[in-house]
Amino acid sequence: MISIKTPEEIEIMRVCNQIIAKARKELAPMIVPGVSTFELDQVAEKVIRSYDAVPAFKGYSGFPATLCVSINHEVVHGIPSKDRILQDGDVIGVDMGTIYKGFYGDSAVTYAVGKIDEAAKKLLKVTEESMYCGIRAAVPGGHLFDIGAAVQEHAESFGFSVVRDFVGHGIGRALHEDPQVPNYGTKGYGMKLKVGMVLAIEPMINEGRPDVKILEDGWTAVTKDGKRSAHFEHSIALTERGPEILSMDIH
Ligand code: MG
Ligand code: MG
């Protein structure tokens, strides 16, 4: 079932997501060689709790941390660790969720650590652009798969591939609500998009093949071919004026 949010509920969800943006502002300058992913997690949790919100991933199906931190060939759901130290040239996906006043926020960015190679720069740029292509396609009156079609067309035009095993989702009083929002598909298909839907649009784009596998920790998804992956995510509300990004970064 798709839940349609009132303007008041969307305002609360904007707060949920702006808490993520605030935490991200604290984290961004910390993302340098030598920092552990555990340190990033600690700061994110502190910032989230300082706004009377709760980290949404911690305890979700048993996930142990505030952040999902996924480095290089890790696609999503990496677990922060004191032993995981950022290295110059890494790309690191930082995914964060919050719960505030009964609603969820969810957003992710992939960062460069120090100096990254040209191929990695292109992967990050194209993945972020793919997310915005998907967001622009999320218009009331349009179709659900318009989003994935726009993501896929952009990513594949640069020779990258779209991960199939994980998808975007509706979000609201639960972290994952209907509908699922694939990052691939055919324009003009899928349910009609309506004002009041709130969606997390989150392409995961690979340098190589789309196939992924889960590591023995039961969480970390990695590319099967060992090539790098990037992930960007915004929670957006569909309004009369079109898609509105709730998790927009603060500059
Ligand atoms: Mg997320
Ligand atoms: Mg999500």
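Visitor: Is Asp106 buried or exposed?

Guide: This is a predicted model. In it, Asp106 counts as buried, because its relative accessibility is 2%. The cut-off for buried is under 20% relative accessible area.

Visitor: Which magnesium ions does Asp106 bridge?

Guide: Asp106 bridges the magnesium ion (ligand 2) and the magnesium ion (ligand 1). The two ions lie 3.2 Å apart.

Visitor: Let's take one ion at a time. What are the protein donors of the magnesium ion (ligand 2)?

Guide: They are Asp106 (OD), His169 (NE2), Glu202 (OE) and Glu233 (OE). These donors lie 2.1 to 2.2 Å from the ion. Along the chain, their spacing reads D-x62-H-x32-E-x30-E.

Visitor: Where in the chain are Asp106 and His169?

Guide: Asp106 is in strand β5, residues 103–112. His169 is in strand β7, residues 168–170. The pair is 63 residues apart, so it links distant parts of the chain.

Visitor: Is His169 buried or exposed?

Guide: His169 is buried, with a relative accessible area of 3%.

Visitor: Now the other ion. Which protein donors does the magnesium ion (ligand 1) have?

Guide: Asp95 is listed with two OD entries, alongside Asp106 (OD) and Glu233 (OE). The spacing along the chain is D-x10-D-x126-E.

Visitor: Which parts of the chain does the pair Asp95 and Asp106 tie together?

Guide: Asp95 lies in strand β4, residues 91–100, and Asp106 in strand β5. The pair therefore ties together parts that are 11 residues apart in sequence. Both Asp95 and Asp106 are buried.

Visitor: On to helices. How is a pair of packed helices described?

Guide: By the angle between the axes and the distance between them. Here, take helix α3, residues 118–136, and helix α4, residues 144–157. Their axes come within 7 Å and cross at roughly 150 degrees.

Visitor: Why are α3 and α4 called roughly antiparallel?

Guide: Angles over 145 degrees count as roughly antiparallel. The axes of α3 and α4 cross at roughly 150 degrees, and therefore the two helices are roughly antiparallel to each other. Their crossing is right-handed.

Visitor: Which residues make the contact?

Guide: From α3 come Val126, Glu129, Ser130, Cys133 and Gly134. From α4 come Ile147, Ala150, Val151, His154 and Ala155.

Visitor: How many of the contact residues are nonpolar, polar and charged?

Guide: The contact of α3 with α4 has 6 nonpolar, 3 polar and 1 charged.

Key: Residues numbered from 1 in each chain as written. Chains lettered and ligands numbered in written order. Predicted model: local features only at pLDDT ≥ 70, side-chain atom pairs only at ≥ 80, totals over all residues. Heavy atoms only, no water. Axes fitted to C-alpha atoms, helices over the stretch in contact; angles between N-to-C directions. Helix = DSSP H or I, 4+ residues; strand = E, 2+ residues; numbered from the N terminus. Parallel < 35°, antiparallel > 145°, perpendicular 65-115°, else oblique. Left-handed = near helix turned anticlockwise from the far one by under 90°. Contact = heavy atoms within 4.5 Å. Nonpolar A, V, L, I, M, F, W, Y, C, P; charged D, E, K, R; others polar. Donors = N, O, S within 2.8 Å, 3.2 Å for Na, K, Ca; no water. Buried < 20%, exposed > 50% of the residue type's maximum accessible area, 1.4 Å probe, protein only.
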